[in-house]
Amino acid sequence: QVQLVESGGGLVQTGGSLRLSCTASGGTFGSQAMGWFRQAPGKEREFVAGISWSGITAIYTDSVKGRFAVSRDNAKNTVLLQMNSLRPEDTAVYYCAATRTARNGAYSPVNLVEYPYWGQGTQVTVSS
């Protein structure tokens with residue numbers, strides 16, 4: 001059973017930075033694409049960033065391009081989300097998610113239905 005545990009959330013002022021970390025266990029992390037999603041109160045869960053198992057593909061939703069960076073360390077079963085220049089609209093619960101094992105090293109989906117494994121989430125609050 002794949003387990004994902006996020007950490008690194010917190011309260012930060014506008015313009016500040018946070019780094020989220022997600023550690024995986026129980027699966028084949030080195031063969032799974034990873035994604036970060038977020039959900040604000042009253043809104044649907046949305047894609048933020050994703051990275052293929054090889055690291056060749058890293059994709060972002062438009063609103064975070066140039067501010068967020070996703071990376072992974074397959075030796076440590078860890079995926080990171082570095083968030084800079086944070087804005088109040090980035091406030092949400094952030095979730096780490098994993099796909100099933102993929103052959104394509106460039107596979108990095110944006111649709112949440114492609115991710116059957118989810119962490120419990122970590123709160124990010126950006127004050128104005």
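Cysteine 96 counts as buried, at 0% relative accessibility. Buried here means under 20% relative accessible area, exposed means over 50%, and partly exposed lies in between (1.4 Å probe, protein chains only). Cysteine 22 is buried too, also with a relative accessible area of 0%. A disulfide joins these two cysteines, with S to S at 2.1 Å. The term covers a pair of cysteine sulfur atoms within 2.5 Å. Cysteine 22 lies in strand 3 and cysteine 96 in strand 9, so the pair ties together parts that are 74 residues apart in sequence. The torsion about their S-S bond is about -70°, so the disulfide is left-handed. The structure holds 1 disulfide.

This is a predicted model: local features need pLDDT of at least 70, side-chain atom pairs count only at pLDDT 80 or more, and totals for chains, interfaces and linings use all residues. Residues are numbered from 1 along each chain as its sequence is written, and side-chain values use heavy atoms, with hydrogens and water left out.

Now step back to the whole chain. The protein has 11 strands and 0 helices. Both are DSSP runs numbered from the N terminus: helices are H or I with at least four residues, strands are E with at least two. The radius of gyration is 14 Å, close to the 14 Å that the globule rule gives for 128 residues, so the protein is as compact as a globular protein of that length. That radius is taken over C-alpha atoms, and the rule is 2.2 Å times the number of residues to the power 0.38. Buried residues make up 42% of the 128.

Next, look at strand 7, residues 68-73. Its side chains alternate. Phe68, Val70 and Arg72 point to one face and are buried. Strand 7 runs antiparallel to strand 8 (residues 78-83), and 6 bridges join them. Two strands pair if DSSP finds at least two bridges between them. Alanine 69 stands opposite glutamine 82 in strand 8. The hairpin has 4 residues between the strands, and asparagine 77 takes a positive phi near 55° there.

What lies inside? The largest nonpolar core has 27 residues. Such a core is a set of buried Ala, Val, Leu, Ile, Met, Phe, Trp, Tyr and Cys residues joined through side-chain atoms within 4.5 Å. Met34, Trp36, Val79, Leu81, Met83 and Tyr94 touch the most other members. Strands 3, 7, 8 and 9 are among the elements that give two or more residues to this core. Valine 79 touches residues including Cys22, Met34, Trp36, Val70 and Cys96 (heavy atoms within 4.5 Å).

How values were computed: Lists of a residue's contacts leave out its neighbours within four places in sequence.
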